[in-house]
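Hello,

Here is the structure I promised to pass on. My notes follow below it.

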Amino acid sequence: NVLNKLDQHDAALKSYEKAITIKPDYAEAHFNLGNVLNKLDQHDAALKSYEKAITIKPDYYEAHFNLGDTLRELGQLDEAVKCYEKAISIKVDFADAHNNLGVTLKKLGQLNEAVNCYEKAISIEVNFAEAHNNLATTLQKLGQQDKAIKFYTKALAIKPDYYEALNNLGLAYQQLGQINDSINQYEKAIAINPDFSDAYYNLSYVKKYTANDPQITKMKTLLSDSKLSRSDRINLCFALAKVNEKLDNQDELFKYLHEANHLRKLELNYSFDRSKTLFKTVKEIFGLSYSDIEKSLSSEPSTFKPIFIVGMPRSGSTLVEQIMSSHHAVHGAGELPNLSIIIGQIVSDNLTQGSDIASTSIGDKKINLSNAYSISKKAFLSIREQYLDALSNLNVQESIITDKFLLNFLYIGFILTAFPEAKIVHMKRDARATCWSNYNCFLLGEENGFSHNIDDLTGFYGLYTDLMDFWHQLFPGKIYDMCYEDLTINQEEETRKLLQYCELDWDENCLSFHKNKRAVESASVLQVRKKMYQGSSEAWKKYEAYLKPLIKSLSSF
């Protein structure tokens, strides 16, 4: 234990192993061995140590808790939930377990359940600053910005130097369009921790820089440190790319942008072959045996009517959701991850297993694939019920709700089977403008791993256009194509056609979308606060000399 506290982890490991050799049923030694293995990034071995400790001492709540943390780190979220729940069943007032259970449920898209966990943690430990911060981030995701700001403020009252909470508070203000307030919070965070890369990255989107800004020098100095973590390096490279874009230093922009994307692809371990397998699987599910699937479900009418906005990221979807959410009858829910998670679980449970040909992931759920697919009507009803429950948990007055999780274009077959009444708005934009914007933006979700390499990006774009052609053939007249450029030229005409497709009456507020005060999470937060403008789809032309491989690959689109 002393060696561990001195960060002499290899020596500590040998001592724990020696203790276990002398006394194999020494639960605490197995537990401590797991802790040091985690510090050495040997997570699979750590799992075994915690499991051994629990076998010896079943009510060892700390071991259940640490086992949960390790499983969460490894992405095994469902199993992590069980461990935290077990720890809580042994020790009901275990505030850390309630908090970490909330973190895991949030990752699973169960936001209201996560809120309950954080509130429980705070009721046990009233000055639990991290739980206040986590509660705020979840409320922010639920669109409850005012409440979120209140809990960030509480977290900072408890822990004034909590720079992560200051950064998050900055994001809350940014999403509300309160840019000066957001800059103020980011700079407070940097004043406390001058090495905090997240705040530099967030600042780069909202701040105006001069060439001699000391923050630029500081970011470059941080990058020169060989011990800097990869995630910090990614943040700083994207930040410096954005700074140099604003200063019109094109060589520097692309130097940092290429490095940022290269590192992010490595971090995500993205594989284009896996994307090809996923697209192929989806087409086979709805192609080879679609006759086995009920094309429409006779089910009870829903309280909610979802409108799915789909397409490639950076295709104008934020603008369209801002327009639609300005309508008196519509709630803009932003990017809801629920559907892909639900479908991933359902598909993995319902695919008929035959000769194994490949492995892929649908909605974060890894599945084995076979040539035989069979998804029952019951499974589609389950997708419907679970998703509508998720909409219900948003606790909003409006019955028409937009979901802007763009990669739901992968699941249009599931959507139109489970929700015959759903509307699907497919965003289309100039391929070069779309792909340049994907490469130029740090798209945070792991599902956007395709955007960090020109070949991956253009290849993925090809898969996307092919799949959309497939959906149009399979569901003629069911998908509404919305052209971003047409919308910017003929705002009222295109808005009227959109509302007509969605079976919504005319609302003049839709033309004043820039006055909409709702929170906007996407990178377009600043643009949608302005009146309609043209020309953004021409921005790539400024960098044409640097984008020749991208332009050449997209020449057929």
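A salt bridge here is a side-chain nitrogen of Lys or Arg within 4 Å of a carboxyl oxygen of Asp or Glu. This is a predicted model: local features need pLDDT of at least 70, side-chain atom pairs count only at pLDDT 80 or more, and totals for chains, interfaces and linings use all residues. Residues are numbered from 1 along each chain as its sequence is written, and side-chain values use heavy atoms, with hydrogens and water left out.

Salt bridges

The rule gives 24 salt bridges. Aspartate 93 pairs with lysine 91, with 3.2 Å between the closest N and O atoms. Aspartate 93 is partly exposed at 46% relative accessibility (buried is under 20% relative accessible area, exposed over 50%, partly exposed in between; 1.4 Å probe, protein chains only). Lysine 91 is partly exposed too, at 26%.

Lysine 207 and aspartate 213 form a salt bridge at 2.9 Å, N to O. Lysine 207 is buried at 11%. Aspartate 213 is buried at 8%. Glu187, Lys207 and Asp213 are linked in a network of salt bridges.

Lysine 255 and glutamate 252 form another, at 3.6 Å, N to O. Lysine 255 is partly exposed at 44%, and glutamate 252 is partly exposed at 26%.

Isoleucine 309

Isoleucine 309 is buried, with 0% relative accessible area. Its C-alpha atom is 6.2 Å from that of leucine 406, 97 residues away along the chain. Beyond neighbours within four places in sequence, isoleucine 309 has contacts (heavy atoms within 4.5 Å) that include Val320, Phe405, Leu406, Val425 and Met427.

Best wishes
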